[in-house]
Amino acid sequence: MKYLDEYRDGEAAQRLAAAIRRVTTKPHVLMEICGGQTHSIVKHGIDALLPPEITLIHGPGCPVCVTPLELIDKAIALASREDVIFCSFGDMLRVPGSEKDLLTVKSEGGDVRIVYAPVDAVKLAEQHPDKQVVFFAVGFETTAPANAMAVRYAHAKGVENFSMLVSHVLVPPAMEAILSSSENRVQGFLAAGHVCTVMGCGEYGPIAERYGVPIVVTGFEPVDILQGVYLCVQQLETGRAEVEIAYSRAVAEEGNASAQSLIEEVFEVVLRKWRGIGAIPQSGLGLRAPYQTFDAERRFGLEGGDVEEPAECISGLILQGVKRPCECTAFGFQCTPEKPLGAPMVSSEGACAAYYRYRRSGVAVSGDGGAKS
Amino acid sequence: MADEFAMSCPTPLNAHDRVMMAHGGGGVLMHRLIEDVFLSRLGGGGAEQHDSAVLDVAGVRLAFTTDSFVVKPIFFPGGDIGSLAVHGTVNDLAMSGAKPLYLSAGFVLEEGFAISELERVTASMSAAAEAVGVKIVTGDTKVVDRGKGDGVYINTAGIGLVEHDLKIGAKSVEPGDVVLVNGDIGRHGMAIMAKREGLAFETTIESDSAPVWDAVSRLLDAGIAVHCLRDLTRGGLASALNEVADAAGVHIELEERDVPVRNDVRSGCELLGFDPLYVACEGRFMVVVSAGEADQALSVLRGDDDGSGAAIIGAVREASRGMVTMRTSIGSSRVVDMLSGEQLPRIC
């Protein structure tokens with residue numbers, strides 16, 4: 001398949017791995033931002049091709065994992081209402097709230113539906129004028145344009161029974177939060193390719209400069225990721241801290257201008273709480289004044305609220321890359337995809353789920369710079 | 001902020017006290033339901049768990065199985081609920097190496113369902129049965145209130161004749177064996193998804209729904225000592241392999257580049273964030289034979305058009321417990337796990 005096979009080519013991967021070994025002379029800790037990259041690394045066994053000096057740690061870029069518990073609880077409360085059709089992307093349905101998940105609400109009679117495009121939820125609202133249709137708008141900059149489009153469509157068509165439960169988060173503030181933490185180990189980033197497809201790379205220059213870290217915009221296939229690692233290691237070995245694009249087939253320096261203006265029109269930057277990390281100022285998106293009538297929290301009086309999470313799993317440390325899934329005592333025992341203790345075990349993009357599915361005992365993995373099960 | 005952080009988790013969802021859709025997904029939850037609720041109370045028959053039960057009746061070995069069909073939409077590219085209801089059950093019989101003889105057909109009809117559609121479904125069933133050489137000899141009809149069903153559900157049960165002396169099943173799988181499939185995987189599941197979700201590809205993906213008895217009988221007629229057969233329905237190839245590896249206590253190692261997946265199916269899976277290893281087929285099965293008979297089995301499978309995509313996909317190795325791994329296209333290795341419930345489309 002074009003644009004896929006060539007980036008999963010074994011020989012190309014081995015050549016890049018050899019190049020990485022050649023340029024590596026000392027230990028480096030790199031973080032891949034996006035959960036899609038984590039999934040690909042573990043699924044294809046990419047880290048096994050790297051020299052032992054290189055440690056990959058898994059970043060916070062899994063929207064399912066960082067959506068705070070109170071938002072999940074609000075989603076569950078809305079989905080349980082008889083007058084609501086609750087729409088979501090698929091993998092949010094299994095994330096546990098305080099007491100249950102959305103799939104359980106569905107089994108109890110709630111009208112919970114998976115949609116592929118946010119605008120489908122607006123169309124559903126048009127078809128069901130007697131119901132309130134709520135869309136769970138989670139995700140990073142990647143999903144923001146499509147969600148903005150849905151709101152604008154609803155606004156233009158006057159679809160009053162549509163609203164969105166918004167939990168949008170932004171990548172650069174999370175990177176800064178990680179870099180300014182006293183526990184930080186990250187020396188270089190593989191930035192999330194598709195976030196940059198939308199936003200471009202402009203926000204990363206100041207971060208690279210301020211914290212002295214190389215930031216390489218990286219894709220998702222094995223060859224893409226190895227290329228990203230190669231460029232990042234090369235920078236670290238030569239003492240550079242620059243922004244480079246290793247995913248130019250999908251990312252332009254300036255990003256997608258029309259997608260950005262759509263986000264700008266509909267959303268404004270707000271403080272957001274990240275599950276496992278805490279509140280980060282200016283780290284998320286909320287609806288702007290003209291569109292706030294579509295804010296489900298306002299419409300249903302759900303604003304505010306802070307749910308305390310019992311300290312049981314270490315997903316916060318996982319999401320910041322301080323710990324690896326295998327270092328958690330609950331991993332694979334109390335915590336499995338059937339009984340997730342934390343969100344990273346739920347989504348296929350979550351680091352714990354990726355480790356659980358592809359990396360349990362008995363599989364020889366060499367060159368994995370960190371802890372192994 | 002980050003260093004003050006102490007994470008935190010919600011209360012775990014330990015058990016489901018209601019049936020979830022995932023209980024029907026062919027993964028871990030379904031197996032647990034079968035073991036905890038069904039087998040503990042209804043599993044007194046003593047037959048080995050397989051796609052069909054092989055029973056000794058007055059000196060004759062009969063295979064017996066049943067399957068229910070609730071597919072939505074009922075008409076899809078490459079088939080419909082009627083042909084599927086025949087193929088599904090005759091294929092379960094074939095997985096015991098049994099020649100399908102007789103089927104029952106039970107219909108649960110929803111009030112308001114168009115008779116013309118029911119006629120289409122039954123005509124399709126009849127044609128599928130005739131093509132396999134199986135007779136539909138008994139049946140049942142029930143009607144439920146409008147809104148309580150999806151038009152039509154069909155249950156079929158089947159009886160087949162076992163004429164070989166092999167012990168076909170996971171317990172016969174041994175280290176050193178080789179695993180084959182009879183063609184490309186994942187087409188039925190993607191055909192259904194594409195139709196259900198209105199996904200348009202450049203070409204229409206047609207279901208692989210087909211009877212496999214002909215291919216199985218050719219393997220047996222060729223004198224190949226088949227160790228295990230398993231059809232790749234719900235949960236796909238990965239779930240079937242895990243069940244076999246678990247029951248046999250062996251390690252099955254797949255070679256990623258050898259697993260046949262058509263480009264349109266791969267594209268669809270990439271789009272939705274699915275793994276084709278877990279996508280259902282309805283005319284595909286895996287067969288385990290000794291290494292010495294692998295090439296012969298492959299050429300037998302490739303002996304007709306439907307088997308042109310047959311391939312050797314992996315090998316059985318010794319292990320302390322059942323597991324499935326895969327050599328990836330870039331030369332690493334990873335676990336191929338049993339899915340928990342259903343595959344859910346990813347956010348991005």
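**Helices and sheets in a predicted model**

Mentor: Start with one pair of helices: H2(A) passes H15(A) in a right-handed crossing. Keep in mind throughout that the model is predicted.

Trainee: Are H2(A) and H15(A) roughly parallel or roughly antiparallel to each other?

Mentor: Helix H2 (residues 35-44) of chain A and helix H15 (residues 351-358) of chain A have axes 9 Å apart and pack at an angle of about 15 degrees. Angles under 35 degrees count as roughly parallel. H2(A) and H15(A) are therefore roughly parallel.

Trainee: How many residues of the contact of H2(A) with H15(A) are charged?

Mentor: From H2(A) come Thr38(A), His39(A), Val42(A) and Lys43(A), which meet Ala351(A), Ala354(A), Tyr355(A) and Tyr358(A) in H15(A). Sorted by type, the residues of this contact are five nonpolar and two polar, and the number charged is one.

Trainee: Now take H6(A) and H7(A). Which hand does the crossing of H6(A) and H7(A) have?

Mentor: Helix H6 (residues 118-127) of chain A packs with helix H7 (residues 144-157) of chain A at about 25 degrees, and the axes are 7 Å apart. H6(A) and H7(A) are therefore roughly parallel to each other. Their crossing is right-handed.

Trainee: How many residues of the contact of H6(A) with H7(A) are nonpolar?

Mentor: H6(A) makes the contact with Pro118(A), Val119(A), Ala121(A) and Val122(A). On the side of H7(A) are Ala146(A), Asn147(A), Met149(A), Ala150(A), Tyr153(A) and Ala154(A). The residues of the contact include no charged and one polar, and the nonpolar number nine.

Trainee: Which strands stand at the edges of the six-stranded open sheet of chain A?

Mentor: The order of the sheet is S4-S3-S5-S6-S11-S10 (chain A), with mixed pairing. Neighbouring strands are turned by 25 degrees against each other on average, direction ignored. Each edge strand has a single partner, so one side of each is left without a neighbour in the sheet; the two are strand S4 (111-114) and strand S10 (267-274) of chain A.

Trainee: Inside that sheet, which residue of S6(A) stands opposite Val134(A)?

Mentor: Strands of a sheet pair through backbone hydrogen bonds, either parallel or antiparallel. Strand S5 (residues 132-139) and strand S6 (residues 162-169) of chain A pair in the parallel sense over seven bridges. Opposite Val134(A) is Ser163(A).

Trainee: What is the phi of Gln282(A)?

Mentor: Most residues other than glycine have a negative phi. Gln282(A) is found in strand S11 of chain A. Although Gln282(A) is not a glycine, its phi is positive, at about 55 degrees.

Trainee: Moving to chain B, where is Pro73(B) placed?

Mentor: Most peptide bonds are trans. The bond that joins Lys72(B) and Pro73(B) is cis, with omega about 0 degrees. The place of Pro73(B) is the loop between strand S2 (60-69) and strand S3 (75-76) of chain B.

Trainee: Which residue of S11(B) stands opposite Leu229(B)?

Mentor: Seven strands form an open sheet of mixed pairing in chain B, in the order S9-S11-S8-S12-S10-S13-S14. Strand S9 (228-231) of chain B stands at an edge, with a single partner strand. S9(B) and strand S11 (residues 285-290) of chain B pair in the antiparallel sense over four bridges. Opposite Leu229(B) is Val287(B).

Trainee: Last, which element gives the most to the side of domain 1 of chain B that touches domain 2 of chain B?

Mentor: Chain B is divided into domain 1 (49-162) and domain 2 (170-335). The contact takes 22 residues from domain 1 and 23 residues from domain 2 of chain B. On the side of domain 1, helix H2 (81-94), strand S5 (98-110) and helix H3 (115-132) of chain B give two or more residues. With eight residues, the element that gives the most is H2(B).

Key
Residues numbered from 1 in each chain as written. Chains lettered and ligands numbered in written order. Predicted model: local features only at pLDDT ≥ 70, side-chain atom pairs only at ≥ 80, totals over all residues. Axes fitted to C-alpha atoms, helices over the stretch in contact; angles between N-to-C directions. Parallel < 35°, antiparallel > 145°, perpendicular 65-115°, else oblique. Left-handed = near helix turned anticlockwise from the far one by under 90°. Contact = placed C-beta atoms within 7 Å. Nonpolar A, V, L, I, M, F, W, Y, C, P; charged D, E, K, R; others polar. Domains from an automatic or database assignment. Pairing = 2+ DSSP bridges.
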